[in-house]
Amino acid sequence: MNKAIFLDRDGVINHDPDDYTYLLEETTLLPGILEFAQKVKQKGYLIIVITNQGGINKGRYTHDHVHAVNNFIQGEFNKVGVDIEEFFYCPHHNAIQKCLCRKPDSLLIERGLYKYNIDPKTSYFIGDKWRDIECGEKAGVKGIKIDVNVISDSLINLIA
Ligand SMILES: [Mg+2]
Ligand SMILES: [Zn+2]
């Protein structure tokens, strides 16, 4: 079986301005995230992104906006030799439409575990919100809560 690092997107990979990030020109990668990604790849982990994008349901932006930001992130990771296996996102917002894919619910991470034959016990979910941690733990994946927009040098030391 494989092992994986599941990453939240906004506030973990790219800077979260405390509002929805959907414009490419407002998307900036956090310092240290590419180096962190390279190190976890060297340790043999797959990288998968799980992100809530409820702004779609609210009409703030579209699927195309989400894909553009995801493609930008994938491109920046690829430049340093790292591939993100897949971006899973929930387009729903609980105030508008109930679903099972919005974190803290775990449908998306469970899809990722199944699709990529990942052992939850050897995998991690890194997020800046408690709902990220809850999502991981519902699927048996250990959660690591970070401060929003902070990838510390010691984060890699928490990964086996
Ligand atoms: Mg976040
Ligand atoms: Zn959903």
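Helix H2 is followed by Gly81, whose phi is positive, near 85°. The structure described here is a predicted model.

**Overall fold.** The chain contains 4 helices and 5 strands, and from the N terminus on these elements run β-α-β-α-β-α-β-α-β. For 160 residues, a compact globule would have a radius of gyration near 15 Å; the chain has 14 Å, which agrees. The C-alpha trace spans about 40 × 30 × 25 Å along its principal axes. Of the 160 residues, 34% count as buried. Among contacts with a separation of 6 or more, 68% are between residues 24 or more positions apart.

**Helix H2.** This helix comprises 17 residues, 63–79. At 1.5 Å a residue it should span 24 Å, and its end C-alpha atoms are 24 Å apart, which agrees. Within H2, Val66, Val69, Asn70, Ile73 and Phe77 are buried. They cover an arc of only 100° around the axis, which puts them on the same side of H2. An α-helix has 3.6 residues a turn, so residues three or four places apart point the same way. On the other side of H2, the exposed residues are Asp64, His67, Asn71, Gly75, Asn78 and Lys79. The buried residues pack against helix H1 (33–42) and strand S3 (86–90).

In soluble globular proteins, nonpolar side chains tend to be buried together. Here the largest nonpolar core has 35 residues, and those with the most contacts inside it are Ala4, Ile5, Phe6, Leu7, Ile50, Ile109 and Phe125. Elements that give two or more residues to this core include strand S1 (4–7), strand S2 (46–52), helix H3 (107–115) and helix H4 (130–138), as well as H1, H2, S3 and strand S4 (124–127). Not counting residues up to four places away in sequence, Phe6 touches Ile48, Ile50, Ile109, Gly112, Ser123, Tyr124, Phe125, Gly136 and Val141.

**Strand S4 and its partners.** Both faces of S4 are covered: Tyr124 and Ile126 are buried on one side, and Phe125 and Gly127 are buried on the other. S4 pairs with S1 and with strand S5, residues 142–145. The table sets out these two pairings.

| Strand pair | Sense | Bridges |
|---|---|---|
| S1 and S4 | parallel | 3 bridges |
| S4 and S5 | parallel | 4 bridges |

In the pairing with S5, the bridge partner of Tyr124 is Lys142. Phe6 and Phe125 are also among the residues with the most contacts inside the largest nonpolar core.

Terms used: Residues are numbered from 1 along each chain as its sequence is written. Chains are lettered from A and ligands numbered from 1 in the order in which they are written. This is a predicted model: local features need pLDDT of at least 70, side-chain atom pairs count only at pLDDT 80 or more; totals for chains, interfaces and linings use all residues. The expected span of a helix is 1.5 Å times one less than its number of residues. A residue is buried if 20 or more other C-beta atoms lie within 10 Å of its own, exposed if 12 or fewer, and partly exposed in between; C-beta atoms are placed from the backbone. The arc is that of the directions from the helix axis to the C-beta atoms. Two residues are in contact if their C-beta atoms, placed from the backbone, lie within 7 Å. A nonpolar core is a set of buried Ala, Val, Leu, Ile, Met, Phe, Trp, Tyr and Cys residues joined through C-beta atoms within 7 Å. The radius of gyration is taken over C-alpha atoms; the globule rule is 2.2 Å times the number of residues to the power 0.38. Two strands pair if DSSP finds at least two bridges between them.
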